[in-house]
Amino acid sequence: MTGVPETHANSRVLAFYRELPFNYRESAKAHAQEIRRINAISAVYPVLTPLLGTGSSLLDVGCGAGWFCLNAAYHHGCVVTGIDFNDIAVNRAQRVAQALGVKATLETADLFLFRPTGQFDIVASMGVLHHTDDCHAAVRWICQEFVKPGGHVVVSLYHRHGRRPLLDHFAQMRADGKTEDDMLEEYRRLHPRPDAVYLRSWFRDQVLHPHETQHTLGELLPILEACGMSVVATTINQFAPFDDISEILALEPALEKLGAERLQGGQYYPGVFVFLARKIG
Ligand SMILES: C[S@@+](CC[C@H](N)C(=O)[O-])C[C@H]1O[C@@H](n2cnc3c(N)ncnc32)[C@H](O)[C@@H]1O
């Protein structure tokens with residue numbers, strides 16, 4: 001295990017997730033059953049399916065309890081590595097891998113200190129980099145260091161505009177003197193989860209988090225380009241093909257209205273966006 005630098009974000013974020021990791025179910029067995037039941041990567045991110053060939057190497061940066069990398073190992077036969085600085089989450093991911101009967105290299109490591117022996121075909125980082133001290137540096141680091149030439153990175157981050165309605169909604173509840181239990185009930189109404197531990201892990205992550213930042217694709221584009229990466233798909237236009245990236249950037253401000261409409265309609269809208277980018281080979 002590498003150490004964890006005691007930065008402002010790290011100490012608070014690690015303590016928060018050691019109390020209860022994100023995407024944590026009541027047991028490793030329950031998590032393994034869910035991975036067996038549905039190929040969540042292909043269901044939610046169909047653009048990734050053709051990239052996840054048997055034997056492709058995949059690194060999951062900030063893997064938590066391992067849903068993404070273990071899904072890729074179980075359903076696609078990828079050779080997976082997952083790292084997270086939270087030993088409790090890594091331990092759970094190891095037990096889920098055992099329950100699934102898949103091989104996976106799962107290590108406790110801070111993403112900035114991780115030094116793999118080689119680069120990967122696919123590097124995924126889902127909901128992680130906006131919890132670091134410097135999201136831009138983290139995007140640059142994983143693209144430069146971990147992605148093979150010709151390989152891909154898939155990243156999910158909070159969107160500056162899309163995230164606003166959910167943050168404002170719970171900030172208003174706090175300002176109105178609502179308790180944590182009231183907010184948990186409101187979260188359950190918007191995003192019902194049958195497993196109580198799972199629900200609580202999502203609620204804490206979405207509503208009580210000690211450190212998160214929000215971003216736009218436009219702001220990240222110069223960093224991606226400097227790393228030789230080109231955006232090939234994004235949830236900002238529901239993964240539709242596009243001719244010029246400026247078409248996508250023009251859609252970003254409207255994500256706030258979309259989030260507000262969803263929330264008014266009683267639908268959960270976390271304000272996350274995902275981009276898939278390819279490194280020039
Ligand atoms: C919202 S959770 C996402 C976990 C997982 N990717 C998922 O989708 O379920 C964020 C994760 O990032 C991890 N994390 C945050 N900062 C990190 C860092 N500097 N190095 C490694 N892991 C980190 C946390 O421990 C946590 O598991």
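**Ligand shell, sheet and helix packing**

Modeller: In this predicted model, helix H1 contributes the most to the shell around the ligand, giving three residues.

Biologist: OK, and which residues come nearest to the ligand?

Modeller: Of the 23 residues around the ligand, the nearest are Phe 22, Asn 23, Gly 62, Gly 64 and Phe 85. The elements that give two or more residues to that shell are helix H1 (8-19) and helix H4 (67-76).

Biologist: How does the shell around the ligand divide by class?

Modeller: The shell has twelve nonpolar residues, eight polar ones and three charged ones.

Biologist: Switching to the sheet, what is the order of the seven strands?

Modeller: The order is S3-S2-S1-S4-S5-S7-S6, in an open sheet with mixed pairing. Strand S3 (105-108) and strand S6 (229-234) are at the edges and have a single partner strand each, so one side of each lacks a neighbour in the sheet.

Biologist: And how many bridges join S2 to S3?

Modeller: Strand S2 (residues 79-84) is joined to S3 by four bridges, with the two running parallel, and Gly 82 is found opposite Leu 106 in S3.

Biologist: What lies across S6?

Modeller: Helix H10 (residues 217-226) lies across both S6 and strand S7 (272-279), and runs at about 145° to S6.

Biologist: Last one: at what angle do H2 and H5 cross?

Modeller: The axes of helix H2 (residues 28-37) and helix H5 (residues 87-100) cross at roughly 60°, coming within 8 Å, which means that H2 is oblique to H5. Their crossing is right-handed, and the residues of this contact comprise six nonpolar, one polar and four charged.

Definitions and conventions. Residues numbered from 1 in each chain as written. Predicted model: local features only at pLDDT ≥ 70, side-chain atom pairs only at ≥ 80, totals over all residues. Axes fitted to C-alpha atoms, helices over the stretch in contact; angles between N-to-C directions. Parallel < 35°, antiparallel > 145°, perpendicular 65-115°, else oblique. Left-handed = near helix turned anticlockwise from the far one by under 90°. Nonpolar A, V, L, I, M, F, W, Y, C, P; charged D, E, K, R; others polar. Near = placed C-beta within 6 Å. Pairing = 2+ DSSP bridges. Contact = placed C-beta atoms within 7 Å.
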